[in-house]
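The sequence and the structure are shown first.

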Amino acid sequence: MQPDLAHRIVIVTGAGSGVGRATAVALAARGAIPVLVGRRLDPLEQTAAAIRAFGGEARVMPADLRDEAAVAHLIGATISTDRTIDAIVHAAAVGLYGPVESYDLARWRETFDTNLTALFLLSRAAIPVMRERGGGSVIAIGSGAGKQGYANLAAYAASKHAIIGFMQSLAEEVRADNIRTSVVNPGSILTDFGGRSAAEKAAAAAADPGKRYLRPEDVADAVVWLLTQPSHAWTQEMNLWPW
Ligand SMILES: NC(=O)c1ccc[n+]([C@@H]2O[C@H](COP(=O)([O-])OP(=O)(O)OC[C@H]3O[C@@H](n4cnc5c(N)ncnc54)[C@H](OP(=O)(O)O)[C@@H]3O)[C@@H](O)[C@H]2O)c1
């Protein structure tokens, strides 16, 4: 039987922009209630307004996911408002660019804290809630750079490789609790991530037909698909490339 997303409480991180926003909108369009998380309030409010414009529902919960207490507060506030957590989609991330020898330690740590440790903190806090309700899903947005390293991308690539190892281990721990874990590894996406704006990327693609991008909605569709797979099926990892 295909799971129904109506009234499902899904924590979506990075929900103020790009993939996180598209995912929150797509989930709300299917009747889910996304909990919108990011550091800045304004972009989250804009996502919520887009959802409310078509009659959808969303919660706005600004939080800095590098902060253990902020993650605990986010999970606690979600439970007091909605009594449950059905799924987490961790799309928040930062990039760090340049050769290894140029890296500042604080920026290296920020990359791992946002991309990987936040996923650990969210999972640690939400899994007991999911176990109690009889199951759930944890979805991490990885990257093509989580499958292959690239020059000038070592910190980001390492953090995205680490997500896969973390999620493979977590999967073994929570499978018996009916909690499914999935990583989506997209190639380049038309968002403002990565030092160039979506408009600049689109202009580059227009000038070079060999350069292709996914749209944030493509990743959102993949997340919706993962969350609505039949309950007897599990996609652990999905590599999603522009075509
Ligand atoms: N764009 C690409 O080419 C590409 C390719 C492969 C994979 N990805 C992955 O796709 C995901 C989404 O990226 P995107 O392209 O949509 O980029 P984006 O628009 O820059 O989204 C990143 C989001 O993360 C949030 N964020 C950053 N640090 C945070 C923190 N400490 N606490 C809470 N939220 C934080 C940001 O919001 P605030 O600044 O308000 O906190 C922002 O909304 C990321 O995991 C990225 O690695 C992107």
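Buried here means under 20% relative accessible area, exposed means over 50%, and partly exposed lies in between, with a 1.4 Å probe and protein chains only. Strands (E, at least two residues) and helices (H or I, at least four) are DSSP runs numbered from the N terminus. The model is predicted: local features need pLDDT of at least 70, side-chain atom pairs count only at pLDDT 80 or more, and totals for chains, interfaces and linings use all residues. Residues are numbered from 1 along each chain as its sequence is written, and side-chain values use heavy atoms, with hydrogens and water left out.

**Strand β1 and its neighbours**

From β1, the residues Ile9, Ile11 and Thr13 point one way, while Val10 and Val12 point the other way; all are buried. Two strands are said to pair if DSSP finds at least two bridges between them. β1 pairs with strand β2 (residues 33-37) in the parallel sense, over 5 bridges. Within this pairing, Ile9 stands opposite Ile33, and Thr13 stands opposite Val37. Between β1 and β2 the chain passes through helix α1 (residues 18-29), and this β-α-β crossover is right-handed. A crossover is called right-handed if, with the strands pointing away from the viewer, the path from the first strand over the helix to the second runs clockwise. β1 is also joined to strand β4 (residues 87-90) by 4 bridges, and these two strands run parallel. The bridge partner of Val12 in β4 is Val89.

**Strand β2 and the sheet**

β2 is likewise largely enclosed by the rest of the structure, because 5 of its 5 residues are buried. Ile33, Val35 and Val37 point one way from β2, whereas Pro34 and Leu36 point the other way. β2 runs parallel to β3, to which 2 bridges join it, and Leu36 stands opposite Val60 in β3. Together with helix α2 (residues 41-53), β2 and β3 make a right-handed β-α-β unit.

These pairings belong to an open sheet of 7 strands with parallel pairing, in the order β3-β2-β1-β4-β5-β6-β7. Its edge strands are β3 (59-60) and β7 (237-240), each of which pairs on one side only.

**The ligand**

There are 28 residues around the ligand, of which Ser17, Val19, Arg39, Tyr156 and Thr191 come nearest. A residue is counted as near if one of its heavy atoms lies within 4 Å of the molecule.

| Residue and atom | Ligand atom | Distance |
|---|---|---|
| Val19, polar backbone atom | oxygen | 2.8 Å |
| Arg39, N or O atom in the side chain | oxygen | 2.7 Å |
| Asp64, polar side-chain atom | nitrogen | 2.9 Å |

Taken alone, the ligand exposes 880 Å², and the protein buries 92% of that area. Accessible areas come from the Shrake-Rupley method with a 1.4 Å probe; for residues, only the protein chains shown count as cover.

**The protein as a whole**

The protein contains 7 helices and 7 strands, which follow one another from the N terminus as β-α-β-α-β-α-β-α-β-α-β-α-α-β. Of its 243 residues, 51% count as buried. The C-alpha trace spans about 45 × 35 × 35 Å along its principal axes.

Asp218 lies in helix α7 (residues 216-227) and is partly exposed, with a relative accessible area of 22%. The C-alpha atoms of Asp218 and Ile11 are separated by 19 Å, and the two residues are 207 residues apart along the chain.

Terms used. A polar contact is a pair of N or O atoms within 3.5 Å; within protein, one must be able to donate a hydrogen and the other to accept it, and residues adjacent in sequence count only if both atoms are side-chain atoms.
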